[in-house]
Amino acid sequence: MKKIISLLCAIALVSVVAYAQPQKGNDDAWRERVKIEQISYISAELGLTAEQSQAFWPVWNDVHEKRQETFKASVEAFKALQEGVNGPDAAKLLDAYVKAKAAVNDLNAEALERFGKVLPAEKVAKLIVAEETFRRNQIGKLGGKGGHGKGGHGQGGHGHQGGFGQGGPRGGFGGGNNMPQDYD
């Protein structure tokens, strides 16, 4: 009887752990869920009027898509640099990485300008804070669960899809360690 109970407990534990760890096929669903959480969080933090929402969300969605693209390019450039750091192409790889980081910074500057055209400065500032807070909250959630942490999807696990306060390859206006963090 003890063996059966132990076996059932082991199966239950494995099922819970397996469910908590995303599978490769579930990445798109996971990303979509995080994006929905992010949109909900930003909406609550900004308190946009109906008119502001109509103008803001198409811009945010466009910036979000561009962030994903620039982030992916930055992560790829970092990985190439990491692999070739001692090779003959180190200078070329370093240049590619710096260009990828510059593209991230350029996108953030463009985003601020675009957001400033549809929102007052106070709301843009709240957006920056909300995105960074959301990112940090996601990292905190993942750190405790181990579901998307190191080894699962890159160097830092998942987080949100861009933001202004990051020091990772997406660039940012705040702190950070300037090391890529694979949040996608």
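## Overall architecture

Read from one end of the sequence to the other, the protein follows the pattern α-α-α-α-α. It has five helices and zero strands. The structure is a predicted model.

Of the 184 residues of the protein, 38% count as buried. The accessible surface comes to about 10,500 Å², and carbon and sulfur atoms hold 59% of that area. Among contacts in the protein with a separation of 6 or more, 69% are accounted for by residues 24 or more positions apart.

## Nonpolar cores

The largest nonpolar core has 14 residues, and those with the most contacts inside it are Ile42, Phe56, Trp60, Phe115 and Leu127. Two or more residues are given to this core by each of α2 (27-46), α3, α4 (90-118) and α5 (121-145). Helix α3 gives the most, with five residues. A second, separate core has six residues, including Ala77, Leu93, Tyr97 and Ala100.

Trp60 belongs to the largest core. Leaving aside residues up to four places away in sequence, Trp60 touches Lys35, Gln38, Ile39, Ile42, Arg67, Phe115, Leu127 and Glu131.

## Aromatic pairs

A search of the whole structure finds five aromatic pairs. One of them joins Tyr41 and Phe134 in a tilted arrangement, with 5.9 Å centre to centre and 45° between the planes. This pair links distant parts of the chain, since Tyr41 is in helix α2 and Phe134 is in helix α5, 93 residues apart. Tyr41 is partly exposed, with a relative accessible area of 23%, whereas Phe134 counts as buried at 4% relative accessibility.

The rings of Phe56 and Phe115 have their centres 5.5 Å apart and their planes at 45°, so this pair is also tilted. Because Phe56 lies in helix α3 and Phe115 in helix α4, the pair ties together parts that are 59 residues apart in sequence. Both Phe56 and Phe115 are buried. Ring pairs link Phe56 and Phe115 with Trp57 and Trp60 into a cluster.

Thr70 is found in helix α3, which covers residues 50-84. Its relative accessibility is 18%, and Thr70 therefore counts as buried, the limit being under 20%.

Not counting residues up to four places away in sequence, Thr70 touches Ala103, Val104 and Leu107. Thr70 and Ala103 are 33 residues apart along the chain, and their C-alpha atoms are separated by 6.7 Å.

Key:
Residues are numbered from 1 along each chain as its sequence is written. This is a predicted model: local features need pLDDT of at least 70, side-chain atom pairs count only at pLDDT 80 or more; totals for chains, interfaces and linings use all residues. Side-chain values use heavy atoms; hydrogens and water are left out. Helices (H or I, at least four residues) and strands (E, at least two) are DSSP runs, numbered from the N terminus. Buried means under 20% relative accessible area, exposed over 50%, partly exposed in between (1.4 Å probe, protein chains only). Contact means heavy atoms within 4.5 Å. A nonpolar core is a set of buried Ala, Val, Leu, Ile, Met, Phe, Trp, Tyr and Cys residues joined through side-chain atoms within 4.5 Å. Accessible areas come from the Shrake-Rupley method with a 1.4 Å probe; for residues, only the protein chains shown count as cover. Rings of Phe, Tyr and Trp (its six-membered ring) pair if their centres lie within 6.5 Å; planes under 30 degrees apart count as stacked, over 60 as edge-to-face and the rest as tilted.
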